[in-house]
Amino acid sequence: MLVRDLTPLEARVLAVLVEKQHTVPDSYPLSLNALTSGCNQKTARDPVMSADESDVLAALNALKDLSLVFEVSGSRVTRFEHNLKRVYGVPGQAEALLTILMLRGPQTAAELRLNSERLHRFADVSSVEGFLEELAEREPPLARKLPRAPGARESRWASLLCGPVQVPEGGVLTGAASGQDEEIARLRAEVELLKTQLARVMRELGMDAGAVE
């Protein structure tokens with residue numbers, strides 16, 4: 001199914017629905033309030049947004065027109081769920097990668113493996129690259145491997161759900177990560193992974209993992 005390019009907020013709304021389905025399943029489908037909070041979350045988001053509920057509701061209505069979001073009835077509070085896999089025709093592994101790219105912007109395959117841990121556990125970086133290549137080879141493509149930035153050790157990947165990614169002459173994106181920025185991003189990803197693992201252990205021990213998550 002051909003879907004028009006999403007706006008940045010539409011992509012954020014869609015990605016948050018996928019993310020929260022995996023990370024807070026007891027709260028999914030999401031209310032408008034919870035979804036807005038997820039869109040404006042300051043951690044694990046790039047760029048950080050400041051959308052109000054009316055903005056998010058407008059994005060939801062647009063996504064409903066594309067069959068990417070459904071409104072769930074039968075609750076005192078209106079809730080929403082996503083339909084990303086069926087509309088784009090991708091497996092769960094690819095859904096996880098697209099979600100993280102929409103939430104955090106362009107990343108290397110190694111960063112994607114770490115950051116998608118809570119959505120899908122990839123055995124190794126090569127398996128991540130395999131699914132990314134499949135997304136890039138689709139027609140129309142859903143992801144793109146970007147030219148390696150000067151000083152960077154690895155190329156980054158970007159989602160194309162919001163349209164083509166503009167790469168200026170020299171292969172450097174506006175705000176592209178330098179080697180130091182990549183190292184910071186890698187460390188942050190490792191911290192998120194450790195938090196996820198700690199939260200899982202705490203839940204298995206019957207302890208409250210809310211503070212960690």
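Mentor: Contact means heavy atoms within 4.5 Å. Helices (H or I, at least four residues) and strands (E, at least two) are DSSP runs, numbered from the N terminus. This is a predicted model: local features need pLDDT of at least 70, side-chain atom pairs count only at pLDDT 80 or more, and totals for chains, interfaces and linings use all residues. Residues are numbered from 1 along each chain as its sequence is written, and side-chain values use heavy atoms, with hydrogens and water left out.

Trainee: Which residues in helix 2 meet helix 3?

Mentor: Leu32, Asn33, Leu35, Thr36 and Cys39 of helix 2 meet Glu53, Val56, Leu57 and Leu60 of helix 3. By class, this contact has six nonpolar, two polar and one charged residues. Here Ala, Val, Leu, Ile, Met, Phe, Trp, Tyr, Cys and Pro count as nonpolar, Asp, Glu, Lys and Arg as charged, and the others, Gly among them, as polar.

Trainee: At what angle do helix 2 and helix 3 pack?

Mentor: The angle is about 100°, and the axes are 10 Å apart. Axes are lines fitted to C-alpha atoms, for helices over the stretch in contact, and angles run from 0 to 180 degrees between N-to-C directions. Helix 2 is therefore roughly perpendicular to helix 3, a label for angles of 65 to 115 degrees.

Trainee: How many bridges join strand 2 to strand 3?

Mentor: Four bridges join them, and strand 3 covers residues 79–82.

Trainee: Another topic: is glutamine 107 buried or exposed?

Mentor: Glutamine 107 counts as buried because its relative accessibility is 4%; buried means under 20% relative accessible area, exposed over 50%, partly exposed in between (1.4 Å probe, protein chains only). Glutamine 107 lies in the loop between helix 5 (92–104) and helix 6.

Trainee: And where is arginine 113?

Mentor: Arginine 113 is in helix 6 (residues 109–115). At 33% relative accessibility, arginine 113 counts as partly exposed. Leaving aside neighbours within four places in sequence, its contacts are Phe122, Ala123, Asp124, Val125 and Val128.

Technical notes
Two strands pair if DSSP finds at least two bridges between them. Angles under 35 degrees count as roughly parallel, over 145 as roughly antiparallel, 65 to 115 as roughly perpendicular and the rest as oblique.
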